[in-house]
Amino acid sequence: MNNPKRIAIFGSTGSIGTQALEVIAAHPELLSVEVLTANGNDDLLIEQALRHNPNVVVIGGDNAKYAKVRAALEHTDIKVFSGDAALVEVAAMDIYDLMLAAIVGYAGLRPTLEAIRNGKAVALANKETLVVAGDIVMQMAMEKRVPVIPVDSEHSAIFQCLVGEHRNPIEKVILTASGGPFLGRKTNYLVNVKREHALQHPNWNMGAKISVDSATLMNKGLEMIEAKWLFNLKPEQIQVLIHPQSIVHSMVQFEDGSIKAQMGLPDMKLPIQYALAFPNRLANSYPRCDFRKFNTLNFDEPDYRTFRNLPLAIEALKKGGNLPCVLNAANEVAVWAFLQNRIGFLDMTDIIEQTMQKVSWIDKPSIDDYYHSDGEARLYAGELMKL
């Protein structure tokens, strides 16, 4: 019998990480946990470590959190590290087979790059890694012959539709979007939206940051940029449609006009399981999609005038260079401020737009250019909000 595939979950206490642990626990003969990392949720990290007994854990935050985790696990053989540098060092260790890159935002870039540099397969749930530096990440993956398997439901859908189609050119991909909690709403309504409203996604159970991105449609814009790099597409080959039922997760149209779609109930454990077990499909007891209960599936154009984050992301997608990096940095700062009730819902778009106009554009950035652009954009966005 083959040994279980060893999984390193970078971002184990978030929505993707916790669901991935459920998937792994259901298939102990095939999957095992080797690495768990968390930014600040020390209590949950301790609980996960005691339950799953990984080789290594990494905790972010202050020294008090590190001391707490180390003390809680000192009676085990689990090695405890802390800090951003430790994330990169652990990513380079030869103790796992596949990294689940589930750290939220820009913070996931460095450890993911280090994993690829060291020849590790990556199940990518962190879209910002490709938004910020997709050219460098995918070039390194190609040079190292490392698979990058998407976990986002939309990109997983496209990936699944392309299995067996490597010789057949793509005409376009169609990314579906639920529309979020404010589907059909106009600007005069969004002025008064608060944090608790934006977090009430109608279909998906997600973390706070991605829930806000979904509400503003920025998430779909980031996914367009991610799709460009994952599937080697031109901007004009990527289309977005609003699909409120979230049953069709995305579609691929080939040059003969035929369209393949991947469908299922909105449950992130499905694409997580597919990525962890690829190329195999594993049996499970998740609820099944019964089309007798879905007699209507709707597809509509997004409201670009109301949800201006999507056009801003498309602008970054088309212009390229470091502009997607700047877009992402400004968005992360703006979303953080909105979640802290420091700015309004519509203010996020204004801050992102002004930051994109302010930071100097670089046509062919190096990795250091990306790091600098990210910092410059965060600083300027923070100044706009007087953070």
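The buried residues of α1 are Ile 16, Gly 17, Gln 19, Ala 20, Leu 21, Val 23 and Ile 24, where buried means under 20% relative accessible area, exposed over 50% and partly exposed in between, with a 1.4 Å probe and protein chains only. The model is predicted, so local features need pLDDT of at least 70 and side-chain atom pairs pLDDT 80 or more, while totals for chains, interfaces and linings use all residues. Residues are numbered from 1 along each chain as its sequence is written, and side-chain values use heavy atoms, with hydrogens and water left out.

**Stop 1: helix α1.** Select residues 15-26. This helix has twelve residues and reaches 17 Å from its first C-alpha to its last, close to the 16 Å expected at 1.5 Å a residue; the expected span is 1.5 Å times one less than the number of residues. Helices (H or I, at least four residues) and strands (E, at least two) are DSSP runs, numbered from the N terminus. An α-helix has 3.6 residues a turn, so residues three or four places apart point the same way. Next, display what covers the buried residues of α1, including β1 (5-10), β2 (31-38), α2 (42-52), β5 (98-101) and α12 (269-277).

**Stop 2: annotated positions.** The unreviewed UniProt entry carries a "binding site" annotation on Thr 13, Gly 14, Ser 15, Ile 16, Asn 41, Asn 126, Glu 128 and Gly 207. UniProt positions are given in the numbering used here, feature names are shortened, and annotations may be inferred rather than shown by experiment.

Select Thr 13, in the loop between β1 and α1. Thr 13 counts as buried because its relative accessibility is 19%. Not counting residues up to four places away in sequence, Thr 13 touches Thr 18, Thr 37, Ala 38, Asn 41, Leu 44, Leu 45 and Gln 48; contact means heavy atoms within 4.5 Å.

Move to Asn 126, in the loop between β6 (121-124) and α6 (127-144). Is Asn 126 buried or exposed? At 0% relative accessibility, Asn 126 counts as buried. Leaving aside neighbours within four places in sequence, Asn 126 is in contact with Ala 101, Ile 103, Val 104, Gly 105 and Gly 108.

**Stop 3: strand β8.** Select residues 170-177, a strand in which six of the eight residues are buried. Five bridges join β8 to β10 (residues 248-254), and these two strands run antiparallel. Five bridges also join β8 to β9 (residues 238-242), here in a parallel arrangement. Two strands pair if DSSP finds at least two bridges between them. Highlight Ile 174: Met 251 stands opposite in β10, and the bridge partner in β9 is Gln 239.

**Stop 4: aromatic rings.** Rings of Phe, Tyr and Trp (its six-membered ring) pair if their centres lie within 6.5 Å; planes under 30 degrees apart count as stacked, over 60 as edge-to-face and the rest as tilted. By this rule there are seven aromatic pairs. The rings of Phe 159 and Phe 278 have centres 5.2 Å apart and planes at 70°, so this pair is edge-to-face. Phe 159 lies in helix α7 (residues 153-162) and Phe 278 in the loop between α12 and α13 (309-319), so the pair ties together parts 119 residues apart in sequence. Phe 159 is buried at 18% relative accessible area, whereas Phe 278, at 27%, counts as partly exposed.

Finally, select Phe 182, Tyr 189, Phe 338 and Phe 345, which ring pairs link into a cluster.
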